[in-house]
Amino acid sequence: MQSFTFENEKIQSLLLEMGQQRTTRSLFKLITNQIFEFDKVALVRIWLVQNGDICPSCRLAKECLDPKHCLHLVASTGASSVNQGQDWSRIDGAHRRFPIGARKIGHIAATGKPVVVASIEKDSKWIGHPQWAKTESIKGFAGHPMWFNGENLGVLGVFTKTPIEQPVLDILTLITNHAAAALANARAFETIEKLTKQLKAENTYLKEELSETRGATGFIGKSLALKRIMDQIDLVAATGANVLILGESGTGKELVAREIHHRSCRSDRPLIKINCASVPRELFASEFFGHAKGAFTGALSNREGKFGASHQGSLFLDEVGEIPLELQAQLLRVLQEGEYERIGEEKVRTVDTRIIAATNRDLKNEVTQGNFREDLYFRLNVFPILVPPLRERKEDIQPLAEFFLRSCLQEMNRPLVQFTRQQMAQLQTYHWPGNVRELQNVVERFAITTGSSSAQMEILNSLSADPGQRDCPDSVEQFHSVRTEDEMIQLQVQNIKNALELCQGKIYGHDGAAALLGLRPTTLATRIKKLKISRH
């Protein structure tokens, strides 16, 4: 019986094209399709060594010695000579998995040696379905391990309609060796492509964050509340637990998130930020999970999504309480399973990211009112950190204001100046409804007008006219009321006491209480004596 042969030109073309493939999918398709085109080839298949995944339903589970790894069918090309409707290109059939060591395919992977059945009619011990071979006129089989750098990557199997002779075995060995090298090469390109896409996504997001992070040097202040926050960060940073940061707008919740990430074992990976309140409802899935090209109108290219970009890093969900109730289930699935699907894809992707969420809402109350999922709340609220408002940590106002002023003047390339005691006192007595963010804005306006002292004073004095200060004891309405002489004296006494307290009892000098009150030191000393006010 005549044996089949390989044409030299086709062999050279196949070997050349294998080395040019950049994806494993295109490589497998090329190998099986090209070998099938050779005369008398009935079926070509490739199995790869991968992690075990269908152990409970595997038909060969009893023969499996290592459930961690098995052979996965990744490519198949062939045609039935009896039943033209049979599909031999499927990779989800009965032979989609082989345990290492089981049957002829598993034996090849376990031993690293080829199995050749030169003539099935004379030797059928390696053929699992002899009747199938007889019906389809299959005469020979050759299975070769795909070795590369001392590692067996998989098995290439070829069924033929004529007996297999030695020259054919030599050619199959040559093709298999090149296929193994091409597989390693394609995997390397896929890894590079994946990392490139992730780096592009990270670069895009990090550029968006650059302006916000510029000049950030950590926490500034000396209050006990700030120290308590730092202690909590030290406790949770290294654990990897999800963190929920609570506090009013402008208190510095994002800075807390950055510090947690910076002190964690993920610090060499990116911290990706997403403002949940700014994401349109219809773009929520795309923004969080990404989409494939053509998934919807306007999807002109693949998008990684925030979860993909934060893989092995941290994801900061700012204003997490703004996520619509009907969309919270999508987020919950990722937190529970670590899996998600991009829009337009059926592939399930796994992600390893740490969630740091922040909100100015009372999420517990939102859960009670039915506006926030209780299961999502518990997933986020593993370790809560409360950032108090600036009015509750007034000790931090002076160092913060001085830092902002110095930074603004340096950025504007202007000479450094300092706040006067009167200006600093005004900053410290204001209640700051906008917290640190408002303080930064006020100081920046002050820095802009450093060329005009009158303009500086006007900006600082405008704080007392802020609508948010209506609840303070010195509100505008009270200035229109009539006071008795005794009340006026008491106001004067309290005002002098406040000035002495700020100046630590000092009267004379540019940093004394007299300068703060706009009085001569001798005049102030006389009033203190007359009103019997203690300087300490």
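**Strands, rings and loops**

Me: Which residue is the bridge partner of Leu71 in strand 3?
Reply: The partner of Leu71 is Phe98, in strand 3. Strands here are DSSP runs of E with at least two residues, helices are runs of H or I with at least four, and both are numbered from the N terminus.

Me: Before we go on, what kind of model is this?
Reply: It is a predicted model, in which local features need pLDDT of at least 70 and side-chain atom pairs count only at pLDDT 80 or more, while totals for chains, interfaces and linings use all residues. Residues are numbered from 1 along each chain as its sequence is written, and side-chain values use heavy atoms, with hydrogens and water left out.

Me: Back to the strands. How many bridges join strand 2 and strand 3?
Reply: Strand 2 and strand 3 (residues 97–99) pair in the antiparallel sense over 3 bridges. Two strands are said to pair if DSSP finds at least two bridges between them. Strand 2 also runs antiparallel to strand 1 (residues 41–51), to which 9 bridges join it. Leu48 stands opposite His72 of strand 2.

Me: Why is strand 2 described as largely enclosed?
Reply: Strand 2 (residues 69–78) has 10 residues and 7 of them are buried, so the rest of the structure largely encloses it. Buried means under 20% relative accessible area, exposed means over 50%, and partly exposed lies in between (1.4 Å probe, protein chains only).

Me: What is the order of the open sheet of 5 strands?
Reply: The order is 8-9-12-7-13, and the pairing is parallel. Strand 8 (271–275) and strand 13 (383–386) stand at the edges with a single partner strand each, so one side of each has no neighbour in the sheet. Neighbouring strands are turned by 20° against each other on average, direction ignored; the axes are lines fitted to C-alpha atoms, for helices over the stretch in contact, and angles run from 0 to 180 degrees between N-to-C directions.

Me: And which strand pairs with strand 13 over 4 bridges?
Reply: That is strand 7 (residues 243–246), in the parallel sense. Leu246 stands opposite Leu386 in strand 13.

Me: Changing topic, how many aromatic pairs does the structure hold?
Reply: It holds 14. Rings of Phe, Tyr and Trp (its six-membered ring) pair if their centres lie within 6.5 Å; planes under 30 degrees apart count as stacked, over 60 as edge-to-face and the rest as tilted.
One of these pairs is Trp132 with Phe159, edge-to-face at 5.5 Å centre to centre and 90° between the planes. This pair links distant parts of the chain, as Trp132 is in helix 4 (residues 130–135) and Phe159 in strand 6 (residues 151–160), 27 residues apart.

Me: Is Phe159 buried or exposed?
Reply: Phe159 is buried at a relative accessible area of 8%, whereas Trp132 is partly exposed at 29%.
Phe284 and Phe288 form a stacked pair, 4.2 Å centre to centre with 25° between the planes. Both lie in helix 8 (residues 284–289), 4 residues apart, about one turn of the helix, and both are buried.

Me: Which residue lies over the face of Phe189?
Reply: Arg22 does, at 3.9 Å from the ring centre. Likewise, the charged end of Lys104 sits over the ring of Phe141, 5.2 Å from its centre. The criterion is NZ of Lys or CZ of Arg within 6 Å of the ring centre and within 35 degrees of the ring normal.

Me: How many disulfides are there?
Reply: There are 0 disulfides, a disulfide being a pair of cysteine sulfur atoms within 2.5 Å. The cysteine sulfur closest to that of Cys58 belongs to Cys70, at 6.8 Å, which is too far for a bond.

Me: Last topic: where does Glu319 lie?
Reply: Glu319 lies in the loop between strand 9 (314–318) and helix 10 (328–337). Its phi is positive, about 55°, although Glu319 is not a glycine. Most residues other than glycine have a negative phi. Glu319 is partly exposed, at 27% relative accessibility.
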